[in-house]
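Subject: Structure for your review

Dear colleague,

I am handing over the structure below, followed by notes on what was found in it. Please read them alongside the coordinates.

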Amino acid sequence: MNILNRPFGCEIEISTDFEDVSPILKNAIKEVYQKPLLYAKNASFDSCIKTNKWHLKDDVTTMSEICTPISTFKDMKNICKVAKALVQKDVKITNSDSFHVHVSASDVDPKNILACWLQYESVIKSCFPKRRRKGEYCTELINYRGKSKKNIAQFLIQAIDDSECHFSIMSFAHYSKRKTVEFRESEGTLDPDHIRNWVKFCLYFVNYSKRVDPLMLV
């Protein structure tokens, strides 16, 4: 499966109230897609329902959350158009917000993805603001304290358990049900370039992991 047809979905946390953003998002989606594709409910719910639509819902860590439909990279142009329209209407992003990407990984062994992540976690974290590198909603999977060598094998068994947590920096909490991996490191954003590039990275990362032998990583 190449990155152009690997399914993904995005969750964009925002600091604008549900009632305020709902008509803005509804109009933006209708303008981009030429039809109504928004399911909005002033409550938290599982985004696995109505997966052909955008979702707007409450979020426990900020004001609201916008979820894209299940998409492939050919849909990125429209996703970015919607994001740009929200920026133009002054929809707010603050330090309380984050941007999560769920990537289909049904054809990849989770241990491969996890081993690759452990190898590059510190580098990936360094690409993001310091506030995103530590925190209860984005916990790291690798910890070198007390370890004399930086060998992936030293961390893999513990990381397998830790990655089942919904709030880990890269989470397999939904893998058993949806066969997806969630990348949680990114700060909140409506910047089309940020959205496009981070999603592309996540897709490439999953594809790269498929080709790697985790036993060979050090």
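A crossing of two helices is called right-handed if the near helix is turned clockwise from the far one by less than a right angle, and left-handed if it is turned anticlockwise. Please keep in mind that this is a predicted model.

By that convention, the crossing of α1 with α2 is right-handed. The axes of helix α1, which covers residues 18–33, and helix α2, which covers residues 76–88, come within 9 Å of each other and cross at roughly 140°, so α1 is oblique to α2. On the α1 side, the residues in contact are Ile24, Leu25, Ala28, Ile29, Val32 and Tyr33, and on the α2 side they meet Asn78, Ile79, Lys81, Val82, Ala85 and Leu86. Sorted by class, this contact is made of ten nonpolar residues, one polar residue and one charged residue.

Turning to the strands, β3 (residues 54–58) is mostly covered, with four of its five residues buried. Strand β2, residues 38–40, runs parallel to β3 and is joined to it by three bridges, and within this pairing Leu38 stands opposite Trp54 of β3. Strand β4, residues 64–67, runs antiparallel to β3, and four bridges join the two; here His55 has Cys67 in β4 as its bridge partner.

With best regards

Definitions and conventions
Residues are numbered from 1 along each chain as its sequence is written. This is a predicted model: local features need pLDDT of at least 70, side-chain atom pairs count only at pLDDT 80 or more; totals for chains, interfaces and linings use all residues. Side-chain values use heavy atoms; hydrogens and water are left out. Axes are lines fitted to C-alpha atoms, for helices over the stretch in contact, and angles run from 0 to 180 degrees between N-to-C directions. Angles under 35 degrees count as roughly parallel, over 145 as roughly antiparallel, 65 to 115 as roughly perpendicular and the rest as oblique. Contact means heavy atoms within 4.5 Å. Ala, Val, Leu, Ile, Met, Phe, Trp, Tyr, Cys and Pro count as nonpolar, Asp, Glu, Lys and Arg as charged, and the others, Gly among them, as polar. Buried means under 20% relative accessible area, exposed over 50%, partly exposed in between (1.4 Å probe, protein chains only). Two strands pair if DSSP finds at least two bridges between them.
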